[in-house]
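Colleague: I would like to understand how the words we use for a protein model follow from the values behind them. Could you take me through this one, step by step?

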Amino acid sequence: MKNFILFLSIFITVVIQAQDFKPYKVKSGKITYEKLKYSTVSSYSYKNGVETSGSKQVPYVAEQVIYYWDKYGDIAFEEIYQVSKFGGELLPEKVKIAERLWVDEHRYYFNFEENKISDDPYYLRIKCREHFQYYQVTGSWIETLYMGAEKTGTKEILGKEADYYNISNYQDIYAWKGLVLKDESFSTKGSNGPRNTIESAKIAVKIDTISAINKALFNPIWLKRERLYQSLNNQKIVALFDGRQDVLFQADNINGFNVRKNDILLFVTTKRAVGKLQILNIDTAQITIKYKLYNNNGFELDARDSYKIKDSSTVNMDNITYKKSTNTELDFKYKKTTIIPQNNISVFLLKPSRSKTLKIKKFIRKH
């Protein structure tokens, strides 16, 4: 019995430790990077009967990246801004184009222009969990990610002594306490040939490991909205229809209702399927939505991550791409930011999708 308890204690300790990722040796901080791209500038001169020509790689700042981390890198967040056009012409002001979040075994990427989220597996973390290879033991996440990579020198960057890793002919990395301060990419002459020219670089220009990090950064609003949308399966939608009118606003069958970007709508089609959709973007010519449709048994009938509906169009959600739907099959009309139900079907705005919390409050039954 004592041996079993001892084994259980060791097992629990290992499992708890396995939850820790911690690739960095600094608890929290913020790094501002400049992402450089290189344009080829050619030159030509003719002097004293001698022609000379050549070219050189001229860098320009294409993007600014602000990277935040906490819990020794167990969680991280990144803001990406476009700074200049292709070739280096500066924009009047920087434009946020994307955000990233690394948490648990997820790598979330949010595209501002498309208002879309992608979620890729965090393969490095999964690999470490599966093989119990943690950085406190192996020493460097870079050596774990790039098998065979070894520190071969140091270089001072922002007053920090950064370790140099020659990853391959294509890439060099400089890292301080696990934090990448410089990452360079190169073109080569052939797949195994020598380096030709530098193509891009990501260089730290400022680092702050003293100021407190705003914890709200690690729970961005777009992720909260996505989690609300994903929580709405067939059973949840039907339950809201049956007993939670307090969180729904129904569209008038004649005048409809105005929709906004990021609204989440719930609906019943002419064929009695239930569905959900989110307004991704609205412009003068069309709206872009994502949606999912379920049958009475809860099975998914159809889903799209991005679908455009032109202004003044009518839609058959049961067969959204079919162009010859009869009038009795139509579910709603879209016109100038207004959704108008057709054939007396039900379309609802989910009120929490316009709230700051983006949560459906628990139902409290009144006695």
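Colleague: Why is Thr-32 called buried?

Modeller: This is a predicted model, and everything I say is computed from it. Thr-32 has a relative accessible area of 12%, and buried means under 20%, so Thr-32 is called buried.

Colleague: Where does Thr-32 lie, and which residues does it touch?

Modeller: Thr-32 lies in strand β1, which covers residues 29-47. Setting aside residues up to four places away in sequence, Thr-32 touches Gln-64, Val-65 and Ile-66, and also Ile-203, Ala-204, Val-205 and Lys-206. A contact requires heavy atoms within 4.5 Å, and these residues count as touching Thr-32.

Colleague: How do you know whether Glu-63 is buried or exposed?

Modeller: The relative accessibility of Glu-63 is 17%, and the cut-off for buried is under 20%, so Glu-63 counts as buried. Glu-63 is found in strand β2, residues 50-70. Apart from its neighbours within four places in sequence, Glu-63 is in contact with Tyr-33, Glu-34 and Lys-35, with Ile-80, Tyr-81, Gln-82 and Val-83, and with Ile-97.

Colleague: How much of the protein counts as buried, and how many helices and strands does it have?

Modeller: Of its 367 residues, 41% count as buried, and the protein has six helices and 21 strands. Among contacts with a separation of 6 or more, 50% come from residues 24 or more positions apart.

Colleague: What lines the largest pocket?

Modeller: The largest pocket holds about 940 Å³ of space. Of the 40 residues that line this pocket, Tyr-67, Glu-78, Trp-102, Trp-141 and Lys-202 are the closest to its centre. By class, the lining has 25 nonpolar, five polar and ten charged residues.

Colleague: What makes Ile-117 count as a residue that lines the second largest pocket?

Modeller: A lining residue has an atom within 4 Å of a point of the pocket, and Ile-117 is among the 18 residues that line the second largest pocket. The residues closest to the centre of that pocket are Ile-117, Glu-226, Gln-230, Lys-290 and Asp-305, and its space is about 310 Å³.

Colleague: Which elements supply that lining, and how many of its residues are charged?

Modeller: At least two residues each come from β6 (116-121), α5 (221-230), β16 (286-294) and β17 (300-310), and the largest share, five residues, comes from α5. By class, the lining of the second largest pocket has seven nonpolar, three polar and eight charged residues.

Definitions and conventions:
Residues are numbered from 1 along each chain as its sequence is written. This is a predicted model: local features need pLDDT of at least 70, side-chain atom pairs count only at pLDDT 80 or more; totals for chains, interfaces and linings use all residues. Side-chain values use heavy atoms; hydrogens and water are left out. On a 1 Å grid over the protein atoms alone, a cavity is a set of points where a 1.4 Å probe fits but cannot get out, and a pocket is an open set with protein on both sides within 12 Å along at least five of seven lines; lining residues have an atom within 4 Å of a point. Grid points are joined across faces, edges and corners, and a volume is the space filled by probe spheres set on the points. Ala, Val, Leu, Ile, Met, Phe, Trp, Tyr, Cys and Pro count as nonpolar, Asp, Glu, Lys and Arg as charged, and the others, Gly among them, as polar. Helices (H or I, at least four residues) and strands (E, at least two) are DSSP runs, numbered from the N terminus. Buried means under 20% relative accessible area, exposed over 50%, partly exposed in between (1.4 Å probe, protein chains only).
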